[in-house]
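Please examine the sequence and the structure shown below. The paragraphs that follow lead through selected parts of them.

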Amino acid sequence: MDKNPRTIQSLARAFAILDCFDSVHPRLTITEISDIVHLNVNTTRGLVNTLVHFQYLSRDDEENDYYLGLAFIPKANLVEDQYLFHIKNKIQPMLREWANIFELSARLNMVDDGQLMTVFTEVPDNTRYLIMTRSRTPFPLHATASGKAYLSSLPDTVVDTYIRDTRLVKYTDLTITEADRLVEELNKTRERGYALEIGEINEGIGSVAIPITDKRKECIGTISLSGTNGQILQEETRIWEMISEFLNNLQPLG
């Protein structure tokens, strides 16, 4: 790849204008844009009008400022779809490897409309017993390792709302149903980087889950391994080290 490619000045300036908009500066006036990109106002206005014409920017006539346009919506969806396709294709073949290394069931779970669903499951080649989950069945977030990994990634205000509005069902004697204990468990999950479930939804069965995050550091899914409580407690650190190393080396699209 050419390290010093020839660029088109007008395009470079247009991209610089689009890069002015972010979560801190969602709306900008012509003067503000001009100051940020260090162009005179007339040049900036011509470029901005072109971006408005092609719907990459929108203009608020009443406020006399600009914001990102509708052209980004379908493109953002395409980027998200390709990112998820990339993630799934990279992780699926690894599930069987991890299942055999640890002799545990391995799953890829993805976030779908605020719920966690199993997408792929692999089991060890040599095992008499299988631990499976039903595909597309939502996880009880408070009682599963993957659910707690997902909850721990959310802002405290969202977690508080979830706890307040959700009936925390008790599946076994070990299920956490008290709000303060659940918050404490989520804090532990954030600190260590992975979540644990030890006999909380099925007696004797445990799981460890590592969150999968996108470029915005938002949780889009988890990788989880399940087995007996003893297996999980014995292997939790080694599982986390191996899978987190893989995820750190997994280059996201873009």
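Which residue in strand 4 does Met110 stand opposite? In this predicted model, the residue opposite Met110 is Met117.

Strand 4 covers residues 115-122, runs antiparallel to strand 3 and is joined to it by seven bridges. Together the two strands form a hairpin with two residues between them. In the turn, Asp113 has a positive phi of about 55 degrees.

Strand 3 also pairs with strand 7, which spans residues 219-228. These two strands are likewise antiparallel, and six bridges join them. One example is Ala106, whose bridge partner in strand 7 is Leu225. Strand 3 itself comprises residues 105-112, and because six of its eight residues are buried, it is largely enclosed by the rest of the structure.

Thr172 is found between helix 6 (156-165) and helix 7 (179-192). It counts as buried because its relative accessible area is 7%, and the limit for this term is under 20%. The side chain of Thr172 reaches the backbone oxygen of Gly199 at 2.6 Å and the backbone nitrogen of Leu174 at 3.1 Å. Leaving aside residues up to four places away in sequence, Thr172 touches Gly199, Glu200, Ile201, Asn202 and Glu203.

Phe15 lies in helix 1, which consists of residues 9-18. Phe15 is exposed, with a relative accessible area of 53%. With Ile8 and Leu11, Phe15 forms a nonpolar patch on the surface, and together they have about 300 Å² of accessible area.

How values were computed. Residues numbered from 1 in each chain as written. Predicted model: local features only at pLDDT ≥ 70, side-chain atom pairs only at ≥ 80, totals over all residues. Heavy atoms only, no water. Patch = residues over 30% accessible without salt bridge, like charges linked within 9 Å, V, L, I, M, F, W, Y side chains within 5 Å. Areas by Shrake-Rupley, 256 points an atom, 1.4 Å probe, with all protein chains shown as cover. Salt bridge = Lys/Arg side-chain N within 4 Å of Asp/Glu carboxyl O. Helix = DSSP H or I, 4+ residues; strand = E, 2+ residues; numbered from the N terminus. Buried < 20%, exposed > 50% of the residue type's maximum accessible area, 1.4 Å probe, protein only. Pairing = 2+ DSSP bridges. Polar contact = N/O pair within 3.5 Å; in protein donor to acceptor, adjacent residues only side chain to side chain. Contact = heavy atoms within 4.5 Å.
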